[in-house]
Amino acid sequence: MVDRILYNGNIITQDEKKRRVSAIAIHGGRIVAVGDDDDMLDLETAHTIRENLGGHTVIPGLTDAHIHWQWTARSLYEVDVYEVPNKQVALARVAERITISSPNDWITGHGWSQEFWADKQFPTAQDLDPISPNNPVYLRAKSGHAVWVNSAALRVANITANTPDPEGGHIGRDEHGNPNGMLFETAIQLVFQHMPHPTTEQIAEQMKSAQKLALAAGLTGIHDFDGPRCFAAIQMLHQAGDLALRVVKNINDPQIHHAHELGIRWGFGDDWLRIGGLKIFADGALGQRTALMIAPYDDDPTNFGIRVSEKAHMLELIRTASLNGLPSTIHAIGDCAVRDVLDVYEAVRAEERKQGISPESRRHRIEHVQIIHPDDKHRLAQLKIIASMQPIHATSDYVMADSYWGNRCEWAYNPRLQLDQGVVVAFGSDSPIEPFDPIPNIYAAVTRRRIDGSPNENGWYPQNKVTVEEALRGFTIAPAYAAGMENRLGKLSQGYLADLVVLDRDLLKIPAEEILETQVLATMVGGDWQFGGV
């Protein structure tokens with residue numbers, strides 16, 4: 001029995017046995033056969049739907065291996081200050097939102113970065129107060145590791161000159177020691193905990209809008225890193241039959257003890273929604289200069305960044321998670337943070353060997369690996385740690401990175417280094433820090449250039465480029481492996497889930513400069529067209 005046959009296509013299977021075929025037969029949401037048109041059409045029955053691909057290229061469904069799904073969905077409804085060219089544009093957009101808001105309503109937004117501004121200075125509450133003396137304002141930096149708030153928000157949170165910096169965070173202060181409206185890392189929670197938040201139902205509705213955009217971009221799956229209310233909303237969509245993306249849900253460390261108490265293990269769930277691993281923050285981010293470094297920032301010899309989690313704390317969390325059947329996935333940006341995490345993983349791997357636990361059953365990850373010290377370059381391979389990286393961060397951040405890290409950037413944003421050693425490298429966007437569209441991410445990985453062609457025709461540290469084939473694997477086979485689903489995702493092969501994307505051109509045959517022109521024509525998940533069709 002065959003439900004659907006797609007034929008007359010240029011199908012890139014990523015299966016070594018049959019790299020390219022022209023037709024696929026599908027039944028019950030899975031691929032039952034691949035091959036040439038005649039062989040597949042011979043499987044047709046009276047109930048089979050035949051669809052002519054018109055010679056278009058088909059690739060396996062794409063998975064974003066690092067996304068903040070609730071945050072992404074919510075950002076669609078917030079004040080848009082994403083990469084605004086100056087502070088004045090951000091202020092104007094906040095002022096516009098206030099005109100349609102009720103008194104005392106919170107005004108939230110996301111995406112500003114002082115690095116896009118001429119003075120490159122952090123903004124302050126003093127900038128916001130004249131336009132919003134009453135409405136609390138909360139604007140997340142592009143990285144998500146800092147927020148810009150006004151005095152009204154500081155008053156709600158009772159943040160004063162006497163408020164101490166929380167562990168792993170910092171309150172920005174003026175020359176008199178008064179809070180200036182900038183909050184870094186864990187200090188963000190001082191305000192966030194006082195904000196009103198949408199209901200689970202509202203979050204689910206926001207996710208529906210984001211899901212449509214993701215499917216139109218060719219995404220068929222995501223690995224999410226947001227909190228428990230995100231998980232609740234995704235479950236609500238799943239239960240209602242409205243979930244059209246496959247989701248791996250990671251659990252942040254404040255909630256991990258609940259999973260242990262319930263006995264929830266890696267892979268619990270189904271092919272639509274399943275448990276990933278424990279998520280921990282080791283440090284901050286480059287944009288706010290809170291990424292933890294071995295040597296100080298080039299432009300500030302007193303700054304080494306912020307250690308968000310102590311090594312002993314991470315070790316205890318990861319050891320406990322491993323014994324309870326969960327791998328870990330740790331945010332590490334700076335080279336000192338990456339070293340800390342590798343040291344912890346080395347200790348945990350040793351304990352796992354004593355317990356008879358194999359690396360295959362504990363697929364630990366490092367998220368971002370934005371810069372690694374050359375002394376540590378082999379350690380991910382030695383410890384069999386997955387590198388979860390975001391290619392577009394390299395092109396987005398290179399001006400900052402050159403300024404803050406200088407010649408160390410040879411070892412920054414470098415999937416090539418890990419791939420050459422056999423490390424599994426899974427790609428994602430870190431949305432909403434960067435747009436989740438995979439095509440610009442693939443372009444960034446292959447060219448090391450921005451959309452405008454900068455920094456030059458060769459790209460930033462061109463020796464760190466990857467091939468188109470490697471970039472595709474980063475969005476397909478590698479995330480499938482990280483999720484423990486490599487036997488049914490990431491390829492177009494017999495027995496695999498029928499998740500695929502139809503493109504208007506062959507990514508493997510066009511010049512790299514044309515990658516950005518590639519259009520997603522249709523996206524299928526589980527044998528059903530979720531965007532477009534043929």
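Colleague: Which residue in β22 is the bridge partner of Val58?

Modeller: Val502 is the one, sitting in β22. Bear in mind that this is a predicted model.

Colleague: What makes β7 and β22 a pair?

Modeller: Two strands pair if there are at least two bridges between them. Strand β7 (residues 57-60) and β22 are joined by four bridges, so they count as paired. The two run antiparallel.

Colleague: And what is β22 joined to besides that, in the case of strand β23?

Modeller: Again there are four bridges, this time from β22 to strand β23 (residues 520-525), and the run is antiparallel. Leu500, for instance, has Met524 in β23 as its bridge partner.

Colleague: Which way do the side chains of β22 point, and are they buried or exposed?

Modeller: Leu500 and Val502 go one way, Val501 and Leu503 the other. All four named residues are buried, which means under 20% relative accessible area.

Colleague: Why are β5 and β6 called edge strands?

Modeller: Start with the order: four strands form an open sheet, β5-β4-β1-β6, with mixed pairing. β5 (30-35) and β6 (49-52) each pair on one side only, and that makes them the edges. On average, neighbouring strands of this sheet are turned by 20° against each other, direction ignored.

Colleague: How do you know that β1 pairs with β6?

Modeller: Four bridges join strand β1 (residues 4-7) to β6, against a cut-off of at least two, so the pair qualifies. These two strands run parallel, and Leu6 has Glu51 in β6 as its bridge partner.

Colleague: What describes the packing of α10 and α11?

Modeller: Two packed helices are described by the angle between their axes and the distance between the axes. Here helix α10 (residues 311-323) and helix α11 (residues 335-355) pack at about 35°, with axes 10 Å apart. The crossing is right-handed. Among the residues that meet are Met314, Leu315 and Ile318 in α10, and Val341, Val344 and Val348 in α11. The contact divides into nine nonpolar, two polar and six charged residues.

Colleague: Why does the chain's radius of gyration agree with a compact globule?

Modeller: For 534 residues, the rule gives a radius of gyration near 24 Å, and the chain has 23 Å, so the two agree. Buried residues make up 58% of the chain. Its secondary structure comprises 17 helices and 24 strands.

How values were computed. Residues are numbered from 1 along each chain as its sequence is written. This is a predicted model: local features need pLDDT of at least 70, side-chain atom pairs count only at pLDDT 80 or more; totals for chains, interfaces and linings use all residues. Side-chain values use heavy atoms; hydrogens and water are left out. Axes are lines fitted to C-alpha atoms, for helices over the stretch in contact, and angles run from 0 to 180 degrees between N-to-C directions. A crossing is left-handed if the near helix is turned anticlockwise from the far one by less than a right angle, and right-handed if clockwise. Contact means heavy atoms within 4.5 Å. Ala, Val, Leu, Ile, Met, Phe, Trp, Tyr, Cys and Pro count as nonpolar, Asp, Glu, Lys and Arg as charged, and the others, Gly among them, as polar. The radius of gyration is taken over C-alpha atoms; the globule rule is 2.2 Å times the number of residues to the power 0.38. Buried means under 20% relative accessible area, exposed over 50%, partly exposed in between (1.4 Å probe, protein chains only).
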